[in-house]
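Hi,

Here is the structure we talked about. Please open it alongside this note; what turned up follows below.

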Amino acid sequence: MATRNRTEVTEFVLLGLASWPEMQPIIFGIVLAMYLVAVMGNALLVIVVLLDSKLQTPMYFLLSQLSFIDIFLTTITVPQMLVHMLPVNRTISFNCCIIQLFFFMTVGSMEGHLLAAMAYDRCAAICDPLRYSAIISHRLCLRITLTSWVVVSLNSLLYSVLVTRLTFCGNEVTHFFCDITPLLKLSCTRPVVNEMLIFTEGVAVVVSPFFFILGSYARIGVAIVRMHSVAVLHKALSTCSSHVMVVLLLYGSVIRMYLRPSSSYDLDQDHQIAIFYTVVTPMLNPLIYSLRNKEVKGALQRLFRKLCILGNFQPDYQANREW
């Protein structure tokens with residue numbers, strides 16, 4: 001490691017999916033289509049929650065925040081990946097790279113905190129339904145959301161500052177965006193402090209919501225067993241199944257990507273996981289919540305019905321104006 005040449009890095013070269021050159025045209029089309037579906041699907045979910053009075057509840061407030069996070073997450077990374085698949089300059093300035101790293105880590109961590117808040121909401125609804133309105137409120141959800149933003153922002157800022165203090169022995173990032181692991185691989189010396197933070201402070205901030213989710217579902221399971229009711233079990237499954245699927249998609253990718261030693265870094269496998277995390281998961285989340293949730297499906301139907309009515313009246317309105 002000591003024989004590597006140290007250079008003052010002012011920009012990075014994002015190699016992207018350079019290991020799959022023959023597949024890039026196909027990947028470009030697939031990723032672009034999934035990106036558009038992810039943005040439109042999540043935007044539609046946010047709009048439905050804002051406009052439909054029946055969805056003005058704490059649970060759907062958190063769901064709209066999750067959709068906003070998914071739009072932000074995929075927009076931070078995917079457009080740049082698509083541009084760098086074209087025969088253009090693949091460089092990104094050092095400062096822009098650090099900014100992208102900060103926002104990516106902030107938004108990615110925030111998604112876990114929102115899922116933990118949604119698990120707490122479901123736990124209160126199933127375990128203590130009579131006091132649900134007293135326990136969960138819009139004000140509480142807003143406080144949880146704002147506090148989570150502060151915590152994950154400070155955590156990401158710490159990582160970003162530590163990366164700026166590294167000495168790099170090259171500027172070719174083997175990824176399609178600036179992520180913590182490929183940047184640490186460029187360090188001239190082993191970034192022990194950074195790796196220790198990932199496995200200590202990083203676990204506390206990123207993985208602690210996952211354990212909170214597990215605890216919430218353990219409490220739900222105990223409550224269901226004590227009730228001895230098939231109806232309650234069916235309601236719990238219908239209420240929580242969408243949330244469980246999203247949690248598995250998120251943390252399955254996060255744990256595989258980050259909570260492991262850097263010596264086990266595998267380029268192709270990490271690219272596949274990163275694409276799944278930044279493109280596929282944001283695309284699937286609104287589909288999961290809309291297809292498996294009767295209230296969301298009903299709200300979508302009411303919205304489309306209103307749009308159809310407005311569309312039918314629009315020609316008459318235009319004709320009256322011309323007359």
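F12 and F168 are both buried. Keep in mind that this is a predicted model.

These two residues also form an aromatic pair. Their ring centres lie 5.4 Å apart and the planes meet at 85°, so the pair counts as edge-to-face; the cut-off for that class is over 60 degrees. The pair joins distant parts of the chain. F12 is in strand β1 (residues 11-14), while F168 sits in the loop between α5 (138-164) and β3 (172-173). That is 156 residues apart.

A second pair is F210 with Y251. Here the ring centres are 4.8 Å apart and the planes are at 40°, so this pair is tilted. It too links distant parts of the chain: F210 belongs to helix α8 (residues 201-227) and Y251 to helix α9 (residues 230-258), 41 residues apart. F210 is buried, at 18% relative accessible area. Y251 is buried as well, at 4%.

Across the whole structure, the search gives 12 aromatic pairs. Ring pairs also tie F68, F72, F102 and F103 into a cluster.

Now the helices. The axes of α2 (residues 58-84) and α3 (residues 94-127) come within 9 Å and cross at roughly 160°. That angle makes α2 roughly antiparallel to α3, since the class takes angles over 145 degrees. The crossing of α2 past α3 is left-handed. Which residue classes make up the contact of α2 with α3? There are 17 nonpolar, five polar and four charged residues.

Best wishes

Terms used:
Residues are numbered from 1 along each chain as its sequence is written. This is a predicted model: local features need pLDDT of at least 70, side-chain atom pairs count only at pLDDT 80 or more; totals for chains, interfaces and linings use all residues. Side-chain values use heavy atoms; hydrogens and water are left out. Axes are lines fitted to C-alpha atoms, for helices over the stretch in contact, and angles run from 0 to 180 degrees between N-to-C directions. Helices (H or I, at least four residues) and strands (E, at least two) are DSSP runs, numbered from the N terminus. Angles under 35 degrees count as roughly parallel, over 145 as roughly antiparallel, 65 to 115 as roughly perpendicular and the rest as oblique. A crossing is left-handed if the near helix is turned anticlockwise from the far one by less than a right angle, and right-handed if clockwise. Ala, Val, Leu, Ile, Met, Phe, Trp, Tyr, Cys and Pro count as nonpolar, Asp, Glu, Lys and Arg as charged, and the others, Gly among them, as polar. Rings of Phe, Tyr and Trp (its six-membered ring) pair if their centres lie within 6.5 Å; planes under 30 degrees apart count as stacked, over 60 as edge-to-face and the rest as tilted. Buried means under 20% relative accessible area, exposed over 50%, partly exposed in between (1.4 Å probe, protein chains only).
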